[in-house]
Amino acid sequence: MKKIFPIVFVLLFQQFSGAQIHLPSYSDSLFPSYYWQRVTLFNSLPKSKEDIIFLGNSITDGGEWSELFNDSNIKNRGISGDITAGVINRLDDVVTGRPSKIFLLIGTNDLARNISTDSVVKNIFLIADYVQHQSPSTKLYVQSILPVNDVYGKFPTHTPNGKKINDVNSLLAQNATTHHYTYINLHSVFADANGRFKSSLTNDGLHLKGEAYLIWKHIVYPYVYDLQLLPSLIPLPQQLQFTKEFFPLYSCKKIFISTDSLSSDAEQLQKTLLESGINTEVSLTERSTDIPHIELQIGKINAPENRDEAYELKVSSSKIVIAANTRHGIFNAIQTLMQLNRDNVIIDGCNIKDYPAYSWRGYMVDVGRNFQSIDLLKQQIDVMSRYKLNIFHFHFTEDIAWRLQSKLYPQLTAPENMLRNNGMFYTENEFKELIRYCKERYITLVPEIDMPGHSAAFKRAIGVDMQSDSGVAIVKNILSEFCTTYNLPYMHIGGDEVHVSNKKFMPEVIDLVHNLGKTTIAWSPGASVDSSTIRQLWMSDNGEKNISFLRFIDSRHLYINHMDPLESVVTIFFRQFGDVMKEDKNVLGATLCLWPDRRVENEKDVLLMNPVYPSLLTFSERTWRGRGKPGWTAVIGEPSSVKAKDFSEFENRLLDNKKQYFKNLAFSYQRQSDIVWKLYGPFDNSGDLSKKFFPETNRFNDTIQQAAITVVGGTIILRHWWAPLIEGALKNPKENTTWYAVTKIGSDENAEKNFWIGFNNISRSPATDSPKPGTWDNHQSEIWVNGKLVESPKWKHAGQKGNSEMPLTDEGYEYRLPTKIFLQKGWNTVLIKAPVGSFKGKDWQNPEKWMFTCVPVDDVIGK
C-alpha cells in the first residue's frame, strides 16, 4: 500500500543529493550451498506489492509465517546461517517487488563470527537506506537481535555475545528515525531477569521453540496489520488498565462456570474460540488448576448505573476471570474478550470494570421502503451484538409497502399493494427467527407499525383509511394478532407526520396495546399520547422533555441517511444524548436511525450508500460511555485541541476495528483527523459563483495574511444545511461569499493516488437532483492539486431531476470509484474553491449543502 502523509505528519524524506546508493558486491563463494538454494527459490517465486516479507537468518527461517498469520501475503525469506552481508547480497531481489512491509531480524551470526558491533549496525543501516531509496512505499521494521543463553552448552560462539547484542540493539533503537525504519524490541520479551534467553522458549540457547514463535507473532501482529499496539476496544470500557502480563490463549483448554445457568453462554464462547482454532471444554468449577483457563462467574458487581449489564474482566498470565451480575453482563464481557483476542494466540493482561451509561442503545432499520433480506438483517444484528447495542427497532410498515405477514389480512402483503420490491415481505416464521436471533444476542426487537400516518399501503390493501371506524377496527385486529403471535415487550405505534382526524384513534390503540401487556413507544413530536408511552424524539420535543414523569429515547439528528460518512462519525462522537451525560429518570438512551427513502438498486446499497457501520461503532462508543458535548456539531476542532485529540484517539480505534472485522463489508470511512486545512475568506462574490479571487488567480502560497480559520477533517462543512441547529466550520457564514481552503498532502514517491472528493453529499432520502455535466455541484466548486485542475466525474445521470424511484449510482464519493490524482514525491498543495449564493435551497429536496470533502483513500469500496 502506498504511503500518503497528510499535513500534520512530520514527513521525513531521505536526502540523497541525486546520488544512487550502491550495494557492495560479494563473491558467491562467501555463502554456503543452502544460501544459494534458498536464494534461487526466492528468485523464482512471484512478487507482489501486497507481500509482507520476513527477512533474516535461521530464526526467521524456522517460522511458518503464512500459517502463523493465516495470510498468504506473508512470505518467509529467512535463510539459516545468514549474516548482514548475505541480506545485502540478496536485497535487490527483495525490493524489486516493492513489498508492502519488510520485517528484518539479522546480526547474531555476524557477532558469532567476531564481526564488530559497529559493522553489524552499519550494514543494517545500509539495508534500511537502500530499501527507503529503492522502494519508498515499503515499510521497514528492524527487530532487535534476540537474547542468547549458554545453559544448554550449545552454540559456543553465539551464547557469550549478550553484551554485544545489547549494544547493537541500543544503536538500532536510537537511529530508527534517521534511517526511516520502525524498531521493534523483541529482546525484552524473550529475555529473563538476567538478560538471557528464557530457557522455556528455547532448547538450544539460540533458536526458538514453537511457543516462542506464537509470542513473536503476538508482538509483531499490530505492525503487520497497521494496528495500535494494544487492542482497540469499542466501546472503550469505563475502567481499563493494561498490565505487562499476557494470557497464553493457545494453551487454554478449559472454561469453568460457577453455575449451570451459564452453560449456554460458555458454549457460545467455546464455539467462538473454536472458530479461532482454540479447542476448549466447559465444566463446573470443582477445583483449582494451574492450566491456563477461563472462568465465568455470577457475582456482585457494583456499578453506578445499569448493574444488569455490568461486568468485570481480569486477564492474567494464568487465567481469565469474567464476573457479572447477570448473563447479559457475562455476554457483554465476552464481546470485550473477543476484541482483546486479536491474534488468536495471546491476550494482553488487563483489568476491566465496565457498565453502560444508557440502558437503551438502539439501531433502527426501515424495511418498509427498501426490503432487506433476513441474511442482511442478521449481518447488522451481529455487528450490533459485538458492539453491545441492545435494541433493534424494526420499522416494517410504510406508504410504500407493508412487509409483515398477517394471516387475518393477507392482502396487506400482496404484491399488487406494494410500490417497491413487490411481493417481498417477512413470514411469521421468519419474523420469529429474527426475534430469536436477537434474543440470543441479548438484543430486544422493537417492532413498529406506523399509524395512523405512513399508512398508504394499509389503505391500498384494505380499502379504507386507518382512522375510519372500520379502519380502527381492523387496526385493532392486526394489533391483537401481532401481540398474541409474538412475545415482545414493546410496540412502537408511530404517530408522526400525520393529521389526526379521529381523536379517539391513538387513545384506543394505546389502551389495546397496554391491555395486551406491551409498553408503547411513539414518535415525538407527533400525535398526542398518554404519559406512560415512551417518546422517541426525532426533533424538537415541544417542551415535553421538561415534564418530569415522561420517558424519552433520543433520535434527534441521528438519521444517518442524511449524513456525510465522515461527518457522521464526528457528529455522533461528540453527541450528548438527551442532553444528559448518562441515563436519568427521563432519558433512557438513544436510537440510531436508517431511513433510506430513495429506492436502491441492490439491498446491499443501503449499507454502501449510508455510513451504517462507522456510525454504529461510534454510536456504540457514545451510548455506552455517555458524556459527550452539549449541542450538535460537525466540527472536529482546532489542531491540538482537546476535542481534536479525543477524536483522533477514537478514530485510531475505529480504523483498527475496520481493518480487523470489516474486511469484506461496506465501511465508508477514511482517516481524517490528520488533515489540516487553512480557510481563506470571506470573499464577496455578489451572487456570481464563478467570480475569481486571488487564491486562484495568483501564485498561491500559504503565507497569505487573510487566512481566517484552521480546521481539521476530511469533510469540512462550512455551514450546515440545518444551521443554526448544527455547528459548522464558519462561525458567521454569509450568503454570496466564496471561501478557499488549502492543505498539504505528502507522498513518499511520484505516483497516482486514490482520493474521495466531493462537494454535495446527497442525502439518501429526498429526491435530490444529480449534478450537471462538467460540475462537482451547483455552486461551481473547484479543486486544484499542485495548480492542476481536478476534473469532476462523468456523472451517469448528469443533470437528472431528482426522482425517489431512480436509484443513486455515483453521486456520492463513498460509493463511486475514487478520483485518481498524481502526487509528486514530497509535499503537494491542494486548493479548494467553495462559493455559495443564497442559503435557501431550490426546494426541500435540494438543500444548500456548503461543504467539501478531500481525503486520501486506502481501500476502494465504490461500485
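# Close-up views of a predicted model

**View 1. Cavities in the structure.** The structure holds four cavities of 30 Å³ or more, where a cavity is a set of points, on a 1 Å grid over the protein atoms alone, at which a 1.4 Å probe fits but cannot get out. Grid points are joined across faces, edges and corners, and a volume is the space filled by probe spheres set on the points. The largest cavity contains about 90 Å³ of space, and among the 15 residues that line it, Ala634, Val635, Val712, Thr715 and Ile716 are the closest to its centre; a lining residue has an atom within 4 Å of a point. Helix 18 (565-573), strand 24 (707-712) and strand 25 (715-719) are the elements that give two or more residues to this lining. This is a predicted model, with residues numbered from 1 along each chain as its sequence is written. Local features need pLDDT of at least 70 and side-chain atom pairs count only at pLDDT 80 or more, while totals for chains, interfaces and linings use all residues, and side-chain values use heavy atoms, with hydrogens and water left out.

**View 2. The second largest cavity.** About 70 Å³ of space lies in the second largest cavity, and its lining includes Pro596, Arg598, Arg599, Asp605, Met609 and Arg764.

View 3. Helices (H or I, at least four residues) and strands (E, at least two) are DSSP runs, numbered from the N terminus. In helix 17 (residues 505-515), the buried residues are Phe505, Met506, Val509, Ile510, Leu512 and Val513, buried meaning under 20% relative accessible area with a 1.4 Å probe and protein chains only. Just after helix 17, Gly517 takes a positive phi of about 85 degrees.

**View 4. Cysteines.** A search of the whole structure finds zero disulfides, a disulfide being a pair of cysteine sulfur atoms within 2.5 Å. For Cys252, the nearest cysteine sulfur is that of Cys350, 15 Å away.

Terms used:
On a 1 Å grid over the protein atoms alone, a cavity is a set of points where a 1.4 Å probe fits but cannot get out, and a pocket is an open set with protein on both sides within 12 Å along at least five of seven lines; lining residues have an atom within 4 Å of a point. Buried means under 20% relative accessible area, exposed over 50%, partly exposed in between (1.4 Å probe, protein chains only).
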